[in-house]
Amino acid sequence: MKPGRKYKAYTLRIPIQEVDPIEELSRELGKSKNDIFIEALKLYAILKFAEKEGMEILIRDKNGEIKQLILP
């Protein structure tokens, strides 16, 4: 947590099968699960905004191939 910031606590009920990827990301990136959730929510908000504005969301793979990302 960053000093001087105000925080609000939430309780999440996460299905067991979804916990492993969260813990794996936490270990790989050296970040807390809390930080993983915050970053994921920020990214999701950006993607939903783009979708709402009618933008296409494109991802380029390591081979240079461009693919469209379709959100659920």
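## Arg60 and the chain around it

Helices (H or I, at least four residues) and strands (E, at least two) are DSSP runs, numbered from the N terminus. This is a predicted model, where local features need pLDDT of at least 70, side-chain atom pairs count only at pLDDT 80 or more, and totals for chains, interfaces and linings use all residues. Residues are numbered from 1 along each chain as its sequence is written, and side-chain values use heavy atoms, leaving out hydrogens and water.

Is Arg60 buried or exposed? Arg60 is exposed, with a relative accessible area of 58%; buried means under 20%, exposed over 50%, and partly exposed in between (1.4 Å probe, protein chains only). Apart from its neighbours within four places in sequence, Arg60 is in contact (heavy atoms within 4.5 Å) with Glu65 and Ile66. Glu23 lies 37 residues from Arg60 along the chain, and their C-alpha atoms are 26 Å apart.

Now for the whole protein chain. It has two helices and two strands, in the order α-α-β-β. Its radius of gyration is 16 Å, well over the 11 Å that the globule rule gives for 72 residues, so the chain is more spread out than a compact globule. That radius is taken over C-alpha atoms, and the rule is 2.2 Å times the number of residues to the power 0.38.

| Property of the protein chain | Value |
|---|---|
| Span of the C-alpha trace along its principal axes | about 40 × 25 × 25 Å |
| Buried residues | 10% of the 72 residues |
| Contacts with a separation of 6 or more that join residues 24 or more positions apart | 8% |
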